[in-house]
Amino acid sequence: MNTASLKKRWMVVAGLMVAVLGFATACSASTSASSTPSSTPSSSSSSTAQPPGPGGAGGEGGSNARSGAAAGGTAGTITEVSDTGFTLTTGAGQAVTITRSDSTTYLNGTAKATASIVAQGATVLVLGTANGTAITAAQVIVQSADVGSTAASTAAGVVPFERGAPSAAKQAGAIPANYTEGSGTIVSGDTAYKATEAALAAYPGGVVDRVVQLSSGEYEVHYVGVNWPHHIFVDANFKVVGAS
């Protein structure tokens, strides 16, 4: 074989080797790309937020029986009067701050009255919007001195609030069937005030910070400012039937 033929053969072999190497490199790059996770979401992944549950965005359904300010009230003796309101002390010794407004109405028993009935030493029932032991008064009613007194509170078995003392675990009367703490729907207006007044008459000394209507149609009147009771149950006719 002459030199020219040999040279030609080597050129063909070299070309084939380059082609093979190029093909192998391309295959390797393709395999690497297909095995690397893509940063783009696949069609099976959804970035759309799930619809919120009844309790709020992404939340579970729940009761609305826990709230901030709600219709409620208290009763006690006025201990201090100011231009914007007054402070009263309940029969169980709880101090409550009352704020008045231009829309606050006044009764002396069942008779219409003016703001002049608010005086130190007067015994009053206050109905309005409660937030803990602070109440914005919708109505102030002067009552007889024995209503909401310490003697009346003690006779009803109300346990005064004592910091650090455990709440009494007891029950009086009937508890609505299937009652679960925190269930029900908060009510307002005259309905809440009637239930509040009934609860305060039966168990004077605390502060009603919300009234809840249960699925049975009865009401749970939530009490604060005392160690017992915390829940007073009132039937559809606004008669107290139990407490816990």
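The model is a predicted one.

**The whole chain**

Begin with the entire chain displayed as a cartoon. Its secondary structure consists of three helices and 15 strands. The chain has 244 residues, of which 34% count as buried. Its accessible surface amounts to about 14,000 Å², and carbon and sulfur atoms contribute 55% of that area. Among contacts with a separation of 6 or more, 58% are between residues 24 or more positions apart.

**The largest nonpolar core**

Next, select Tyr-203, Val-211, Val-221, Tyr-223 and Ile-232. They belong to the largest nonpolar core, which has 26 residues, and they touch the most other members. Several elements each supply at least two residues of this core: β1 (70-81), β6 (123-131), α3 (189-202), β11 (207-213), β12 (219-224), β13 (226-228) and β14 (231-234). Which element gives the largest share of this core? The answer is α3, with six residues.

Now keep Tyr-223 and display its surroundings. Beyond its neighbours within four places in sequence, Tyr-223 is in contact with residues including Ala-199, Leu-200, Tyr-203, Pro-204, Val-207, His-230 and Ile-232. Another core, of 18 residues, lies apart from the largest one; Ile-78, Ile-117, Ile-135 and Val-207 are among its members.

**Helix α3**

Select residues 189-202, the helix α3. With 14 residues at 1.5 Å a residue, α3 should span 20 Å, and the distance between its end C-alpha atoms, 20 Å, agrees with this. Which residues of α3 are buried? They are Ala-192, Tyr-193, Ala-195, Thr-196, Ala-198, Ala-199 and Leu-200. When viewing their side chains, recall that an α-helix has 3.6 residues a turn, so residues three or four places apart point the same way.

**The salt bridge**

The structure holds one salt bridge. To see it, select Asp-209 and Arg-210, whose closest N and O atoms are 3.9 Å apart. Are these two residues buried or exposed? Asp-209 counts as buried because its relative accessibility is 11%, below the 20% cut-off. Arg-210 is likewise buried, with a relative accessible area of 9%.

**An exposed loop residue**

Move to Asp-102, in the loop between β3 (95-99) and β4 (105-108). Its relative accessible area is 86%, so Asp-102 is exposed.

**Backbone details**

The last stops concern backbone angles. Most residues other than glycine have a negative phi, and most peptide bonds are trans.

Select Trp-228 and Pro-229 first. The peptide bond from Trp-228 to Pro-229 is cis, with omega near -5°. Pro-229 sits in the loop between β13 and β14.

Then select Asn-178, in the loop between β9 (172-173) and β10 (185-186). Phi of Asn-178 is positive, near 65°, although the residue is not glycine. Asn-178 counts as exposed, since its relative accessibility is 77%.

Finally, select Phe-238, which is located in the loop between β14 and β15 (240-243). Phi of Phe-238 is near 65°, a positive value in a residue other than glycine. With a relative accessible area of 24%, Phe-238 is partly exposed.

Technical notes:
Residues are numbered from 1 along each chain as its sequence is written. This is a predicted model: local features need pLDDT of at least 70, side-chain atom pairs count only at pLDDT 80 or more; totals for chains, interfaces and linings use all residues. Side-chain values use heavy atoms; hydrogens and water are left out. A nonpolar core is a set of buried Ala, Val, Leu, Ile, Met, Phe, Trp, Tyr and Cys residues joined through side-chain atoms within 4.5 Å. Buried means under 20% relative accessible area, exposed over 50%, partly exposed in between (1.4 Å probe, protein chains only). Helices (H or I, at least four residues) and strands (E, at least two) are DSSP runs, numbered from the N terminus. Contact means heavy atoms within 4.5 Å. Accessible areas come from the Shrake-Rupley method with a 1.4 Å probe; for residues, only the protein chains shown count as cover. The expected span of a helix is 1.5 Å times one less than its number of residues. A salt bridge is a side-chain nitrogen of Lys or Arg within 4 Å of a carboxyl oxygen of Asp or Glu.
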